[in-house]
Structure formats: structure tokens, C-alpha cells
Amino acid sequence: MNKTVNQKAWFLVLPVLLLVAFNALIPLMTVVNYSVQETFGDNNFFWAGVLWFEEVLRSERFHSSLGRQLFFTFSILLIEIPLGVAIALAMPRKGVWVSVCLVLMAMPLLIPWNVVGAMWNIFALPEIGLLGNTLNALGIDYNFTRQPVAAWVTLIAMDVWHWTSLVVLLAYAGLVSIPDAYYQAAKIDGASSWAIFRFIQLPKMKRVLTIAILLRFMDSFNIYTEPFVLTGGGPGNSTTLLSIDLVKIALGQFDLGPAAAMSLIYFLIILLLSWIFYTLMMRNEDQ
Amino acid sequence: MALELKQVSKSVAGETHIFPTDMVLEAGEFNILLGTTLSGKTSLMQLMAGLDRPTSGQVWFNGQDVTEMPVQKRNVSMVYQQFINYPNMTVFENIASPLRVAKLPDKETRSRVGEIAEILRISSMLERRPSELSGGQQQRVAMARALVKDSSLILFDEPLANLDFKLREELRDELPRLFAERDCVVVYATTEPSEALLFGGKCAAMFEGAVAQFGPTAELYRKPLNLTSAQVFSEPPLNVAKVVKSGDIFRLSDTASWPVDASYQTMADGEYTIGVRPHHVYPMQKEKQLVPIDGKVQVAELSGSESMIHFTAFEDDSWVSLSHGVHAFDGGEVTTFYVDVANCFYFGADGRLISAGM
């Protein structure tokens, strides 16, 4: 059979091409453009080569916000993934409570991010917030606007509250897709509930958990709104994550060159780490 | 060895899944549960296995009441319609898993797994994972796991339903061979009458949670006790119609009637139900004495060597004719079909078989 050559098909992909171009490619290229130039305003640009990249990579400030970012991301992954799986395992599989649980679980995901930040900010205020006031009344000295540790605990608690639901929903979807026959077969074999988890539920959830880890990793590495509203990066710089730092440089100081170089490095780090995560988890699958 | 059900029933939330059932299943031959989906085959098997407790009645095994004994202690194996294996264990570890639970020495485990893998022709794949195998191979691994532990009761719940035609034939041939030398009770659920006939043994025709008839498979086919049993054991479905006997004549409709044979003379006058298997309804006249009926063709399915013609006859009854050769008809066409009345079943008003023809 002869292949039909029809160039009109290009028109069908054109909308997508345009969308991707305006959405991603053109902004990205603008950033690349800024990252290799120096400007003193008046729309005068001078070639700077890799100067900004060297500067960013050597800067103490970048290292410490990257460190805080990594600490934040791995902390919330270590809490949210096991917690999400545990909650999914505890949820009912049948009956009227299923929808009740699912709706309750989906609630935090429906709240706009800046609202989450504002909610937790008020909730944790030491004088008037329910959480802050209660903790202080119990004799715990807690003030997230002044103590770095308290700020971190609040920040992580907020993210866990906001995003564990996503892991729960994904893990739950993986769990309910396991046919009843697997549990029966395990029962016939006399398998313990740990063995059922280890050899049936966990392997069957592996794909959705891979997706959950990837999504949570990328989202938490990009996080801006919630910590910005909650702590604004403070006290001091103690909760200044990469994105908050980036916005400070780009919009606070208007250092376009270093900010552009930093966003590219930021972007490449996320891309690289996601790729490493994905390959590691998929290689496990193949073994 | 024998598994005995004594007035076993099961109801869930006021709904009866299994009506009180008595059955004795013996070792040495296949015990087949035949019935459509939702006829209660799986529910009954779960009661036999001990995965489910009966609402009333008792389950006895080898003269011992095991009704309250949990499945782990009963030495049962089960193979499901889905291919159930532990996804992240190798084929070897999958087959060995029941032996590991039983804490068998490593050496014996190794030899038993090797032996069973040899029989099921999966020895070359012991180091692979189930996801790397084809459907047929995965199901063989599941069977090997069920067979490796010398169970006294093995349950097959439509194990071949998800396999393609060719593999199904292959495993069908292998199965009886596997049990030839084993002393265990084998129960096999299927929706296909042809599969039941192939395995022989004993068969229970199940309909809506009740066993319509239990006995030797061939007898079920030739002499169904009642209309339900005959309908369960017919694929394509049994053709059914009302017939009136008055004196020397059976009258099916205004145009279709035939003389009452000498052997039916004892039947009282009145209304009966006849059941005709589809291969006893022909789209053309044969040498034998056949009764012509008019039918409006709905659809004709031709498969090369056979023609299956669905038609409506006697008001709105759906009938099927299955015959050799290619007989093409258009939908809506009205034509004459020929019924071999000498080979039909006669059922009384209560559905019990009165005569199974000649």
C-alpha cells in the first residue's frame, strides 16, 4: 500500500506547536538570552558569556538556598510517601465510607496555594493562632516568625497537610486495582499481613508510587507560594528556598543576568534529579 | 478422599447466594461446576475452600467436620481466572512460596519445584518474573504453585477463561494428565458445556445459586433431570417451546404437529415443554422424519464449517439452528426450519424431564 502524503496534517499540530512555543520555548529562550548578557538598563545589553553561571555556582548564597531546598524536599518526601501509603492502607475499600474518605482526602488539594499559606500563617501565630496559642499555653516556646526551627516545623507540617492527600489518592487507586483473588491466594498460602503488604500490595502500587514520588519531588522543589505567604523566607534567610531566593534576585534586586543563569541551573537540577529518580525506579522494575 | 457438603447455604445481607446444597465430591475424577456467570460457582467454591463460612450447613472432609476450620489449615489450593502470581518474585520463588510457608528443607523445595516445572513445561523460565511471561505461561506458574504442595483439595475457578483459544486447548489436554496419579479432590468451574464434556467426571449444573443436577457429566448431557439442567448444559442455548398432547398428536403450532410415538402413549393429555438442542434444528429437509416450522431469520453466523442461524418462531421465542456447511440467510427472511422431534426432551409442567427422546 502506498503511503498517502498529505501536508495538510501539519495544520492539525499547529495549535499545539504555537501553544508550546508561547508557553515554554519563547520564555525559556528569553531566559537563556538574559543569562549570557549584562545590562545596565536602557535596553543596552553586552555579551557576558558564562560569567553569571560561574558567579551563581560559586556563590555562597546559592549553595545555602540549594541546601535548604534539598533538605525541604527530602524531608517532605520521607514523611509524605510512607504516611500517604499508610493512610491509603487504612482506608475502607468498600461501602459508604469510601466516598466520604475520598472527599475528605481531596479537600486540601482543592484549596488555592496562597490560601493554604495564609491559613497556616494565621493558624500558627503565637498570640492568636489556634496552633501557636495552644502550643504556648502548653508551655512550649513556639514562635515561627522568630525561631528557625519552629519555622521549619511549620513549613513542613503545612506541606504534609496540603500534599499527603495526593499520595493517598494515588496509592489508594493502586490498592483498589488489586483483584480480590490476590488476597484470597495469599490467605490460602497462609501469608501474614506483612507478607501481603511486602509481596502483593507494595509491588502492585509501585507504578503509582513512582509517579507520586516524581510529582511530589518536582512540585516541592518548585514550591514558592506557600512558604512565601507563610514565612516569606524568614526568619532571616532560614526558610529561603531556591524559588524565593530567585524571585528576590530577579525582582527585588533586578539582577536579570544572575537570575536568568540561576533559573537555568535550577531548571537543570530538577530535570537531572527527576531523570535520575525515574531511571533508578524503572531499573528496579526491570530487574 | 471426599469433600461433602451438607445442606450448605450462603446468604449475604438477606440475599441468597447459595441455596441449601448437598454434594459429595470424590477424589480420582474431575468435579465440574457448570453454569453461567453469577450462577454461584465461585461462591460455592469459596465455601468449599473455607475462604467463606456458610450461613448454614456443614462442610466435611474425609469424615471430619471442617466447617469452622480456616483455609490456611485445610491444605487447599486454588487457581483463578486471573493469573495470580507474586509480581516481584521469580517464577521459582512463586512456585516455592507455599513450601516456604510450610518451612520445607531447601533441598526438597528445589526438587519439588523442579519436578512440577518440568511437568508444566516452564523449567526454562524459573529465573524470570511473571510479568515477562505470556498469559499461558503465567497461568501455568499459578497452576504449578497450586500443585506443588500436595493439596487434598484443588479448586480451579475458570482457569482457562482468559487464555486464547490455542493455549486453552493445550492446557485442557494437560490438566487431566496432571491429576491422574494424585489423591486429591479436584473441583473445576467453567461456563462452557463443551469443556465439561471434555473433562468427563462428574458435573453439577448450577443456576441462580442452586445445583439443578449433580451426576456423571455424560448423563447430565443425555438425560437432564429438569429443564434448568438441560438449559445450563446447552451452548448455543436450548430451544424451548410449548407443545400440547391430545390423543395421538403432539401439536406445536397450527401447522406443526407430529404423531405420538408408541413409547409416549403413557403420557397424559395436556401441555408440555419441549427442549430441542440447536443441532437438531436444520435449515433444510433431511431424510429423517422432521417437522417443519416457520421462522423469521434474525441473524446467520457462518463460521465455514458450521452455520448458526438465530430465528424467531412461535410468536416471540428465540430459536437457534446449528448445522454443518454454509447456509446463508438474510436478516428478516422467513424460511422453513426442520425440527428433529425424535431427539427432543419433553418436560412436564413442573419442569421435570418426562422423556429424553430416543
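Visitor: What area is buried between domain 1 of chain B and domain 2 of chain B?

Guide: This is a predicted model, in which local features need pLDDT of at least 70 and side-chain atom pairs count only at pLDDT 80 or more, while totals for chains, interfaces and linings use all residues. Residues are numbered from 1 along each chain as its sequence is written, chains are lettered from A and ligands numbered from 1 in the order in which they are written, and side-chain values use heavy atoms, with hydrogens and water left out. Buried area is the accessible area (1.4 Å probe) that two parts lose on being put together, summed over both. Carbon and sulfur atoms give 62% of the area between the two domains, and the total is about 740 Å².

Visitor: How many residues does domain 2 of chain B give to the contact with domain 1 of chain B?

Guide: The domain assignment, which is automatic or from a database, gives domain 1 (2-232) and domain 2 (239-355) in chain B. Contact means heavy atoms within 4.5 Å. By this rule domain 1 of chain B gives nine residues, and the number from domain 2 of chain B is nine.

Visitor: Which element gives the largest share of the side of domain 1 of chain B that touches domain 2 of chain B?

Guide: Three residue pairs are in polar contact across this interface, both at pLDDT 80 or more; such a contact is a pair of N or O atoms within 3.5 Å, where within protein one must be able to donate a hydrogen and the other to accept it, and residues adjacent in sequence count only if both atoms are side-chain atoms. Helices (H or I, at least four residues) and strands (E, at least two) are DSSP runs, numbered from the N terminus. Two or more residues on the domain 1 side come from each of α7 (217-222) and α8 (227-232) of chain B. The largest share, three residues, belongs to α8(B).

Visitor: Which residue of chain B meets A:Asp189 in a salt bridge?

Guide: Chain B and chain A bury about 1,700 Å² between them, with 22 residues of chain B in contact with 16 residues of chain A. A salt bridge is a side-chain nitrogen of Lys or Arg within 4 Å of a carboxyl oxygen of Asp or Glu, and the rule finds one across this interface. At 3.8 Å, N to O, the side chain of A:Asp189 meets that of B:Arg145.

Visitor: How many charged residues are on the side of chain B that touches chain A?

Guide: Across the interface of chain B and chain A, three residue pairs are in polar contact, both at pLDDT 80 or more. On the chain B side, β6 (76-79) and α2 (91-101) each supply at least two residues. Ala, Val, Leu, Ile, Met, Phe, Trp, Tyr, Cys and Pro count as nonpolar, Asp, Glu, Lys and Arg as charged, and the others, Gly among them, as polar. This side divides into 12 nonpolar residues and seven polar, and the charged residues number three.

Visitor: How many residues apart are B:Asp52 and B:Lys10?

Guide: The side chains of B:Asp52 and B:Lys10 meet in a salt bridge of 3.4 Å, N to O. The pair links distant parts of the chain, with B:Asp52 in the loop between α1 (41-49) and β4 (56-61) of chain B and B:Lys10 in strand β1 (residues 2-12) of chain B. B:Asp52 is partly exposed at 25% relative accessibility, whereas B:Lys10 is buried at 14%.

Visitor: Is A:Arg216 buried or exposed?

Guide: A:Arg216 forms a salt bridge with A:Asp219, the closest N and O atoms being 3.8 Å apart. Both residues lie in helix α9 (residues 193-221) of chain A, about one turn of the helix apart. A:Asp219 counts as partly exposed at 31% relative accessibility. A:Arg216 has a relative accessibility of 1%, and therefore counts as buried.

Definitions and conventions
Buried means under 20% relative accessible area, exposed over 50%, partly exposed in between (1.4 Å probe, protein chains only).
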